[in-house]
Number of protein chains: 2
Amino acid sequence: MPTRATELLRVVHARPGVTRADAARLIGVGTGATTELVGRLGQAELLAQGPTAPSGARGRPTTALIPHPRGPLIAAASITYEAWRVDVVELGGSVLATAGEELAGRGGDEVVAALGAAVRRLRQEYGDRIRGIGIAVPGTVSRDLMLDASNLGWHDVDLAAAWPRAEIFVAGNDATLAASAESRRGTAVGAAVALHLRIEAGLGGAVVDGGKVLIGALGAAGEFGHMPFGDPAVRCPCGAYGCWGAAVDGSALARLLGHEPPRDPITYARRVITSPQPGPAAAAATVATALGRGIAGLVNGLDADLVTLGGLGVDLLAAAPEQLMAAYRAGLMSFRRAAPPPVLPALLGDDGPIAGAAEEAWTALLARLA
Amino acid sequence: MPTRATELLRVVHARPGVTRADAARLIGVGTGATTELVGRLGQAELLAQGPTAPSGARGRPTTALIPHPRGPLIAAASITYEAWRVDVVELGGSVLATAGEELAGRGGDEVVAALGAAVRRLRQEYGDRIRGIGIAVPGTVSRDLMLDASNLGWHDVDLAAAWPRAEIFVAGNDATLAASAESRRGTAVGAAVALHLRIEAGLGGAVVDGGKVLIGALGAAGEFGHMPFGDPAVRCPCGAYGCWGAAVDGSALARLLGHEPPRDPITYARRVITSPQPGPAAAAATVATALGRGIAGLVNGLDADLVTLGGLGVDLLAAAPEQLMAAYRAGLMSFRRAAPPPVLPALLGDDGPIAGAAEEAWTALLARLA
DNA sequence: ACAATATGCTCCTGATCCGAGCAAAAGAAG
DNA sequence: CTTCTTTTGCTCGGATCAGGAGCATATTGT
């Protein structure tokens, strides 16, 4: 039940620094109710008012709504293949502090323990202002917060150990969370149905429908890499045949170039894609074609009006835009070809997953502050 | 902003005949508020109370909440390849009256005009109680209610002509609406993410996430038949290559059997699929395999926990269950194989689309009655 | 008949929100 | 500098809604 108070907080979170007059118009309340609302939320140490830059227009100047200096905070974390990081994020998305380090080959439980220690240090510094945590991970997260990251060789890693008994604890796949961030603060703001695809070691993604990320029945939605758009003769490590992901990632490039499967497929793939030599360029073009064809299939089926690419998808789009877009257009249903949904690089880049973790945790917190 | 009143109406719509005590517990209000609510909704001619069957338990007996005898109604319509139909549906989904006839080869505008005449007749009978209309059609509907049904040869048919200036007017693809109905009153009740697939002349479907049908940016989501799970050498009428739909419908069976493309692909396909002869049976098995493989891909990507099949999908599942399910299981990501989401026939059968039209129109009406 | 149990109604209270009217703070015009 | 215009903010009264305590009601069980 969204009350006016949560609506106002959501507006301020989405657009920190809105003027109170604009915010009131956005949620459709009069000036009387606004006074009461802002007063109440100020008392609750959720909102504060700050000065605005002079507008130059006539009329009494308004104030800007900003996060309260003693207001609640969220810890946003991400684990990538190379490092982990924790940010302290206030209402509106600003980062107040950060901590992190390289993975250095440590195991999942060790990394979660190190992350948990960092969260404890930050909680000592910020006290109970930190109300919860969101974590982005390169793998799948079950409902009971167990992480499975096969590309890291991690299985049954208990993420809850980072902060047992946290009031708010959300965790999710990095591509899923990056999609959330793109739809709120990135390229996909305003899209009705945004599709985000992210190629790193494998292909993941997510659909954001009307601002809500589809997380699936088990929290494992967005594994578009395991849709059979690829060559039915190629076996995927997941056990199925013809997986799209196996046609667009580093292993696909290695296969095309007759190389051994690379140990670090991301670095390998980036090197191949950006190589000026004809062999690698042709391989990149082939992979870009497979990417474009699959994107078209997803757009046909999901009726997205915008597609954003993250990770190696950005490099592929830059290296072989003609091939990618040609395959994309050719795969679209005819009625879509007049106005194909744009395929654009994601705005937030490598910060997408951690930004998404912050967004989802803040969304959960705002729902609780009802 | 769902108020208690709309919450109660939604509960009664979902479970007509609930006792008022159960309904109050479901929406979490005390008996005092319930009295006030039921009284208000009775005054507004939205709810009435009826007798309940004796429960046998102790305590004061409660009453059943039922639609008001002068309450609002919805006209639910469907157009299929053979006929059109209009039902008058009350709160809770019961059908009070129905009308319809065969298409008999008429064009889209003529059919919509006939449907509109039937709606006018029903409105004369029921007066302003009929507050809106929902229409299920075998094609795509744009935001401005223009219908495109290429399999019928209809283009730019103005559905709004069936009831211009209707207060509530929703229209959608038959497969999309059938998915909605399945998730509310069919096999998929309670599923977190339900995938419904419907094969008639082509393959369509929809995803229902947490009770909400994903309609896409243009209202054209669910065209899973145009995802490239099929043979890349086969050209689909949509202009793309390798469309899944072209691998599982009547045209695919005809191709496998060396027949000409059939004029009535649905009847043709049903005959082939149910044929006891080895040739047709083998073709059906091949098509069932392609269906199972694609379903697995969609389940992988969308993380559905239940799949329902409608139209010819039911026949395929009955004719070649082993092949379909084997391909399905083989295509699932390994972590899903321990507990594959069930693949079941849809409960509502041919009534799915019209039931879904009623559901969506009622949903819109309930939102307006806030 | 009486106890036990579940349900429904009345009345009171508090929270929320809206609108009217007035006050305040800026720019514009003389 | 004064006055007018424009926009915004505050106070106050009224309306709606929701929740709870206490009592009334209708059934089953002994």
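Me: How many salt bridges does the rule find across the interface of chain A and chain B?
Reply: Happy to look at this with you; bear in mind that the model is predicted. One pair to inspect is Lys212(A) with Asp209(B), whose side chains meet at 4.0 Å, N to O. Across the interface of chain A and chain B, the rule's count of salt bridges is 2.

Me: Which helix gives the largest share of the side of chain A that touches chain B?
Reply: Between the two chains there are 18 residue pairs in polar contact, both partners at pLDDT 80 or more. On the side of chain A that touches chain B, the elements giving two or more residues are α1 (4-14), α9 (278-302) and α11 (321-331) of chain A. The largest share is 6 residues, and the helix supplying them is α9(A).

Me: What area do chain A and chain B bury between them?
Reply: Let's start with the contacts: 45 residues of chain A touch 45 residues of chain B. Pro228(A), Arg293(A) and Asp303(A) supply 16% of the area that chain A buries there, more than any other three residues. Carbon and sulfur atoms account for 62% of the total buried between the chains, which is about 3,300 Å².

Me: Are α1(B) and α3(B) roughly parallel or roughly perpendicular?
Reply: Helix α1 (residues 4-14) of chain B packs on helix α3 (residues 31-43) of chain B with the axes 10 Å apart and an angle of about 75 degrees. Angles of 65 to 115 degrees count as roughly perpendicular, so α1(B) is, relative to α3(B), roughly perpendicular.

Me: Which residues of α3(B) does α1(B) meet?
Reply: By class, this contact has 6 nonpolar, no polar and 1 charged residues. From α1(B) come Arg4(B), Ala5(B), Leu8(B) and Leu9(B), and in α3(B) they meet Leu37(B), Val38(B) and Leu41(B).

Methods
Residues are numbered from 1 along each chain as its sequence is written. Chains are lettered from A and ligands numbered from 1 in the order in which they are written. This is a predicted model: local features need pLDDT of at least 70, side-chain atom pairs count only at pLDDT 80 or more; totals for chains, interfaces and linings use all residues. Side-chain values use heavy atoms; hydrogens and water are left out. Axes are lines fitted to C-alpha atoms, for helices over the stretch in contact, and angles run from 0 to 180 degrees between N-to-C directions. Helices (H or I, at least four residues) and strands (E, at least two) are DSSP runs, numbered from the N terminus. Angles under 35 degrees count as roughly parallel, over 145 as roughly antiparallel, 65 to 115 as roughly perpendicular and the rest as oblique. Contact means heavy atoms within 4.5 Å. Ala, Val, Leu, Ile, Met, Phe, Trp, Tyr, Cys and Pro count as nonpolar, Asp, Glu, Lys and Arg as charged, and the others, Gly among them, as polar. Buried area is the accessible area (1.4 Å probe) that two parts lose on being put together, summed over both. A polar contact is a pair of N or O atoms within 3.5 Å; within protein, one must be able to donate a hydrogen and the other to accept it, and residues adjacent in sequence count only if both atoms are side-chain atoms.
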